[in-house]
Every structure is written in C-alpha cells, then in structure tokens.
Amino acid sequence: MNFTSFIGQAQTAIDGKGRTSFPREFRRQLLGTDGNEFVVTRGPDQTLRFFTVPEYEKFMADLDCRSDRRQADLVRRGLHPTVVELDGQNRILLPKALLEYAGLKGEVLYVQASGKTLELWNPERFNAKYGLQTSEDIAAFDAAFYGESLTEGGDVNR
C-alpha cells in the first residue's frame, strides 16, 4: 500500500536510554522514499512531532510562508529539531530534553497527525484530553463526526 499519510495509533515502551520501538503499524506505511531518517521536534500541547524528512521540509516551507514573521520565528526557535534514525531493531532514540518536554516516561503513544507526521503523546495526557471518557465526550464526538455544531460543555478539547 502506498500511503501518503500515516493512519492509526500505537503505544510502545521507552527504555532507560530513551529508545522506543517505531511501531510496526507505521513502519508498514513507509515508502522507500521516506528513508530511515526522521526529524523529531517539540509540538503543541507538550507533544513531540515525528516527521519524515520530506514532510519536515514541507512543514518548514509552510512556516517560511507565514505572513506573521514573529510567529514563524517563535515556532522555529521552539522546535528543537533532532534527526533520528531507525536502528537495526527498528528503534529510535529520543533526546532527553524532548522526553522531558513531553513528559514521556515508560511509554509513548504515537498518534497520526497530517501527512507523514505523527504526534508522540504521554498516554495519560492524551486520554485525559481525547479519551471519550464521559457520555458528554461521546456525544460531542458524535456531533463533530456528523458535522453538527458542538454545544457548550460538550467540547472534548477541554
């Protein structure tokens, strides 16, 4: 299958050195042109962003096109990009500073973003924000799924 976007979610462990397996579900969605090198940056909501190199270059080009130069510079300075590579056991090494920023200890949840980009979340933080834990959360999801307006108090992005 030739995917132009990642699809799915997967949770993996992080070892004491900061290594985590790159999930098989996403490895299967990589194209030969995506390579074995990736870029990991800070993301919004204390997440990390995982980009294929072409997707990172596209992101940076989009950032360069923003009319608000101050905003673009703020994002550029805050990214702290790091190139990571899949090792022989399909693991990536996440830098300590990025692990601390995202509050990642023990486990990481990989979540599809746009294109060949993933968000790396602290699983508890993700479930608290998007876990559909109450009937109101489920009703808000259902309404959003069908394109209905969300009522006050039913927003899953609390």
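Select L132 first: you'll find it in the loop between helix 5 (123-130) and helix 6 (135-145). Helices here are DSSP runs of H or I with at least four residues, strands are runs of E with at least two, and both are numbered from the N terminus. Keep in mind that this is a predicted model, where local features need pLDDT of at least 70, side-chain atom pairs count only at pLDDT 80 or more, and totals for chains, interfaces and linings use all residues. Residues are numbered from 1 along each chain as its sequence is written, and side-chain values use heavy atoms, leaving out hydrogens and water.

Now show the surface on L132.

Together with L132 they make a nonpolar surface patch, with about 540 Å² of accessible area in total. To join such a patch, nonpolar side chains (Val, Leu, Ile, Met, Phe, Trp, Tyr) must lie within 5 Å, on residues with over 30% relative accessible area and no salt bridge (a Lys or Arg side-chain nitrogen within 4 Å of an Asp or Glu carboxyl oxygen). Areas are from the Shrake-Rupley method with a 1.4 Å probe, and for residues only the protein chains shown count as cover.

Zoom out and switch to cartoon. The C-alpha trace spans about 45 × 40 × 35 Å along its principal axes. Of the 158 residues, 36% count as buried.

Notes:
Patch = residues over 30% accessible without salt bridge, like charges linked within 9 Å, V, L, I, M, F, W, Y side chains within 5 Å. Buried < 20%, exposed > 50% of the residue type's maximum accessible area, 1.4 Å probe, protein only.
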